[in-house]
Amino acid sequence: MALLVVGSVAFDSLESPFGKVERTIGGAATYFSVAASFFTHVNLVAVVGEDFTEEHARIFERRRIDTRGLERVPGNSFFWAGRYSVNLNDRVTLATELNVFADFDPKLPEEYRDSRYVFLANIAPTLQRAVLTQVRRKPRVVALDTMNYWIERTPDELRQVLRHTDVLLINDSETRQLSNEHNLLRCARHIFKMGPKSLVIKRGEHGATLVDNKGVFCVPAFPLEEPHDPTGAGDSFAGGFMGYLASAGNTSDAVLRRAMVYGSVLGSFAVERFGLDRLRTLTNREIQARARHFLKLTQFTL
Ligand code: AMP
């Protein structure tokens, strides 16, 4: 089942206690689509500038990622720079240059308009909505990510698109900010009134929590001795989660739980090396082996 994603394809300069890289390929839609492509066919909608070369395009084209919706325009691609603290939990944004993203007006290629699964990565809610309105039939699952910037600056536009969202995937501080509540279960109840039927709270090294009308499901983060760079962990989680959902073709409780595990698996691989490096060499066999490891991590008897 085709999975549509709209979001940033970017160049990132990243610094952590483990090293530094300059202008490596990144962006939420990049991490998402590479992670999801292990499970399903992905339709990518984004914009890049002249600094995005054929070699960069091959990252997508070697996989099940359709780039007909990747617009190329004069100028530079979105650029982001960030630095992580010693514990890798906190980061400061050193630069955000919208560049070609400033005038992005997404247009879905005809072939994308029947996508049944949609992921609206973290970009302006008006752009998320613009993409969604071009999808012909009501999708089976619309998932959305956002951040404090949009929660604070464009709350009305965000509310608009949330009304058409099934699954909201955000981190814990964004969850609290959006709902004006502290307790995460109360947050979820508040958020369900805005539209989403499921809430996936990404909690970094503490794993992720799914809340819906069937209850609560928690998945741990895979214990890693030496994570190098958390950039894109959340987007890779979303890619594993949505990629698996699209491949399963239904949203039963068992499928959603497995999607949480595959999300955590993909997120854990993403942080092992800088930028996209680890996902680029990842294999299906490694994904399945780690998923089995999650079984061992969480099994116990009473
Ligand atoms: P994450 O670590 O999940 O927050 O995602 C990091 C990725 O998001 C990086 O590769 C950045 O290029 C991209 N990014 C950072 N800030 C923004 C923004 N304001 N809008 C869109 N993408 C962004």
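This is a predicted model: local features need pLDDT of at least 70, side-chain atom pairs count only at pLDDT 80 or more; totals for chains, interfaces and linings use all residues.
Local features need pLDDT of at least 70, side-chain atom pairs count only at pLDDT 80 or more, and totals for chains, interfaces and linings use all residues. Residues are numbered from 1 along each chain as its sequence is written, and side-chain values use heavy atoms, with hydrogens and water left out.

Asp12 has a polar side-chain atom 2.4 Å from an oxygen atom of the ligand. For Gly232, a polar backbone atom is 2.8 Å from a ligand oxygen atom. Asp235 places a polar side-chain atom 2.9 Å from an oxygen atom of the ligand. On its own the ligand has 500 Å² of accessible area, and the protein covers 84% of that (Shrake-Rupley method, 1.4 Å probe).

Next come the aromatic rings. A pair of aromatic rings is described by the distance of the centres and the angle of the planes. The structure holds 10 aromatic pairs, where rings of Phe, Tyr and Trp (its six-membered ring) pair if their centres lie within 6.5 Å, and planes under 30 degrees apart count as stacked, over 60 as edge-to-face and the rest as tilted. Phe32 and Phe119 are stacked, because their ring centres are 4.3 Å apart and their planes at 10°. Since Phe32 lies in helix α1 and Phe119 in strand β8 (residues 117-120), this pair ties together parts that are 87 residues apart in sequence. Both Phe32 and Phe119 are buried (under 20% relative accessible area, with exposed over 50% and partly exposed in between; 1.4 Å probe, protein chains only).

Tyr149 and Trp150 form an edge-to-face pair, because their ring centres are 4.7 Å apart and their planes at 85°. Tyr149 is partly exposed at 35% relative accessible area, whereas Trp150 is buried at 17%. Elsewhere, ring pairs link Phe39, Tyr244 and Tyr262 into a cluster.

Arg290 sits over two rings: it lies over the face of Phe222, 4.2 Å from the ring centre, and its charged end is over the ring of Phe269, 3.8 Å from the centre. The test is that NZ of Lys or CZ of Arg is within 6 Å of the ring centre and within 35 degrees of the ring normal.

Two backbone angles complete the tour. Arg23, in strand β3 (residues 19-26), has phi near 45°, a positive value in a residue other than glycine. Leu88, in the loop between β6 and β7, has a positive phi near 70°. Arg23 is partly exposed at 40% relative accessible area, and Leu88 is buried at 11%.

Methods:
A polar contact is a pair of N or O atoms within 3.5 Å; within protein, one must be able to donate a hydrogen and the other to accept it, and residues adjacent in sequence count only if both atoms are side-chain atoms. Helices (H or I, at least four residues) and strands (E, at least two) are DSSP runs, numbered from the N terminus.
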